[in-house]
Amino acid sequence: MASVLNFIPADYKQSINNGSITVSAPSNIALVKYWGKKEHQIPANPSLSFTLNHCKTITTLAFSKKDNADEFSFDLLFEGKPKEDFKPKIQKFFQRIEVYMPFLKTFHFTIDTQNTFPHSSGIASSASGMAALAVALMQIERQLNPEMDDKHFNQKASFLARLGSGSACRSIKGSAVIWGKHADFSESSDLYGVEFPFPIHEHFKNYQDTILLVDKGKKEVSSSVGHDLMHVHPFAEQRFSQAHHNLHHLSTVMQNGNLSDFVNIVESEALTLHAMMMTSMPYFVLMKPNTLEIINHIWKFRRDTGIPVCFTLDAGANVHVLYPENVSVEVLNFIKKDLVGYCENGQYICDLIGQGSKLIMNN
Ligand code: PMV
């Protein structure tokens, strides 16, 4: 069984003085939702996500050896400009991962990061941002230990990303990723995400995700507050066992391509996530009236046309519209005609299933 000890490195074989690494990591959208966690970012239930392709963070990590190794030292830039308010989160991340990356205090870092999606879109950048930083740090570790294999690289990148932001661990590798121990997947772990291990049906190839930006404001409830509320939630145990059950069914569906079952599982998961928020204490409604308008239109369109389009939601008001590639024309027409009016400033983002993080440059 995987243990955190697997991620504490042996002495490094090489030494390096400086360099610069650019990587990208995508956002991901959960189909079976992670909601509730234990200490050290251990999920209360397993989740499965599709990896996105266009919505991503691109991070350049420049590093140079420094004289003393007493403290962390880094500058943080967002789109090339200093971003002081992001620094505490990175400082905390470095503290959490230091034991697994003992070289951290020996370098000064400049972290320059940008997102391909608008900053105030309501799309969380923590998953892609933390995944990109974790992958960039792993590139440094690989230079220090060139014998590292890809499996360890990806597992540890995911392990580190998880310590930055839970769902970030699903943004490292693969088009569908499972995070959290589940009986059907022998390789699954609470410590990191793993690629969905079975062949995925053709119907899900290039699966489309059009993100309707209903409310671009800052999240009303941070996900950490939401996760914490599950500790005392009256329906928590039921929910956690439901997630196991839904993941089992979704696994079958992803292999047999039954889109009507897919729609049922995915929409039920989205509404259950919001139901958990509505029934916690304190309680929240994160959907907006326009979220519900969109949901009702999707249901009507599906009834009228038989096209297997469905929605999922994050912990916010935006709607992810999911559909197979072969109905893109019809669904995009429907979105433009009936749904765009419910988006803030008519904004939406067309994305599709992607493959995970990438190394762009290594100097
Ligand atoms: O990774 P966090 O702590 O921001 O939590 C993400 C939670 C959801 O997006 C609502 C669900 C999920 O599995 O991604």
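User: Where is Pro-282 found?
Analyst: Pro-282 is in the loop between α6 (259-278) and α7 (289-305). Helices (H or I, at least four residues) and strands (E, at least two) are DSSP runs, numbered from the N terminus. Keep in mind that this is a predicted model: local features need pLDDT of at least 70, side-chain atom pairs count only at pLDDT 80 or more, and totals for chains, interfaces and linings use all residues. Residues are numbered from 1 along each chain as its sequence is written, and side-chain values use heavy atoms, with hydrogens and water left out.

User: What is the peptide bond from Met-281 to Pro-282 like, cis or trans?
Analyst: Start with the general idea: most peptide bonds are trans, and most residues other than glycine have a negative phi. Going from Met-281 to Pro-282, the bond is cis, with omega near 0 degrees.

User: And which phi does His-40 have?
Analyst: His-40 has a positive phi of about 60 degrees, although it is not a glycine. You'll find His-40 in the loop between β2 (37-38) and β3 (42-43). Asn-345 is another non-glycine residue with a positive phi, near 50 degrees. Look for Asn-345 in the loop between α8 (328-339) and β13 (348-352).

User: Is that Asn-345 buried or exposed?
Analyst: Buried means under 20% relative accessible area, exposed over 50%, and partly exposed in between (1.4 Å probe, protein chains only). Asn-345 is exposed because its relative accessible area is 64%. His-40 counts as exposed too, because its relative accessibility is 58%.

User: Why does Thr-59 count as buried?
Analyst: Thr-59 counts as buried because its relative accessibility is 2%. Thr-59 sits in strand β4. A contact means heavy atoms within 4.5 Å. Leaving aside neighbours within four places in sequence, Thr-59 touches several residues, including Ile-21, Val-23 and Ala-132. A polar contact is a pair of N or O atoms within 3.5 Å; within protein, one must be able to donate a hydrogen and the other to accept it, and residues adjacent in sequence count only if both atoms are side-chain atoms. The side chains of Thr-59 and Thr-113 make one, at 3.3 Å.

User: Which strand holds Leu-52?
Analyst: Leu-52 is in strand β4 (residues 47-65). Leu-52 is buried, because its relative accessible area is 3%. Beyond its neighbours within four places in sequence, its contacts include Ile-29, Ile-211 and Leu-352.

User: How many cavities are there of 30 Å³ or more?
Analyst: Rolling a probe the size of a water molecule over the atoms shows where empty space is left. On a 1 Å grid over the protein atoms alone, a cavity is a set of points where a 1.4 Å probe fits but cannot get out; lining residues have an atom within 4 Å of a point. Grid points are joined across faces, edges and corners, and a volume is the space filled by probe spheres set on the points. The count here is two. The largest holds about 50 Å³ of space, and its lining includes Leu-52, Pro-26 and Gly-354. β4 gives the largest share of that lining, three residues. The second largest cavity has a volume of about 30 Å³, with Trp-35 and Phe-284 among its lining residues.

User: Which residues come nearest the ligand?
Analyst: Near means that a heavy atom of the residue lies within 4 Å. Of the 13 residues around the ligand, Tyr-34, Ser-167, Arg-170, Ser-223 and His-227 come nearest. A polar side-chain atom of Ser-167 is 2.6 Å from an oxygen atom of the ligand.

Notes: 1 Å grid on protein atoms, 1.4 Å probe; cavity = no way out; pocket = protein on both sides within 12 Å on 5 of 7 lines; lining within 4 Å.
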